[in-house]
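Visitor: Please take a close look at the sheet and walk me along it strand by strand. Stop at one residue on the way and describe its surroundings.

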Amino acid sequence: MKANKGDWVIVHGHLAGEPTRRALILDVHGRDGEPPYVVQWDDGHESTYFPASDAVIERHAPSGSHG
């Protein structure tokens, strides 16, 4: 898994009714975009995060990019 600062980590719930969690990637500590990531979760807390197979990266398009 590779990500950039400003991308989002999306973690889908495992059980029916469990909410999807989102975290903004504040910093990337791994080489070439690999984990661990410093993230800020929807509830405002920050943590160092190592994504599991239930996580996906939502890319952040740089300002001014087209298409």
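Guide: Asp-27 stands opposite Val-38 in S3. This is a predicted model.

Now the whole sheet. It is open and has five strands. The order is S4-S3-S2-S1-S5, with antiparallel pairing. The edge strands are S4 (46-49) and S5, and each pairs on one side only. From one strand to the next, the twist averages 35°.

Strand S1, residues 8-11, pairs with S5 in the antiparallel sense. Four bridges make up that pairing. Ile-10 stands opposite Val-56 in S5. Strand S5 itself spans residues 55-58. Its covered face carries Ala-55 and Ile-57. Its uncovered face carries Val-56 and Glu-58. So the Val-56 that stands opposite Ile-10 belongs to the uncovered face, because the faces are assigned by accessible area, with buried meaning under 20%.

Last stop: Arg-21. Its place is in strand S2. Arg-21 and Ile-10 are 11 residues apart in sequence. In space, C-alpha to C-alpha, they are 5.9 Å apart. Is Arg-21 buried, exposed or partly exposed? Its relative accessible area is 39%, so Arg-21 counts as partly exposed: buried would need under 20%, and exposed over 50%.

Key
Residues numbered from 1 in each chain as written. Predicted model: local features only at pLDDT ≥ 70, side-chain atom pairs only at ≥ 80, totals over all residues. Heavy atoms only, no water. Buried < 20%, exposed > 50% of the residue type's maximum accessible area, 1.4 Å probe, protein only. Helix = DSSP H or I, 4+ residues; strand = E, 2+ residues; numbered from the N terminus. Pairing = 2+ DSSP bridges. Axes fitted to C-alpha atoms, helices over the stretch in contact; angles between N-to-C directions.
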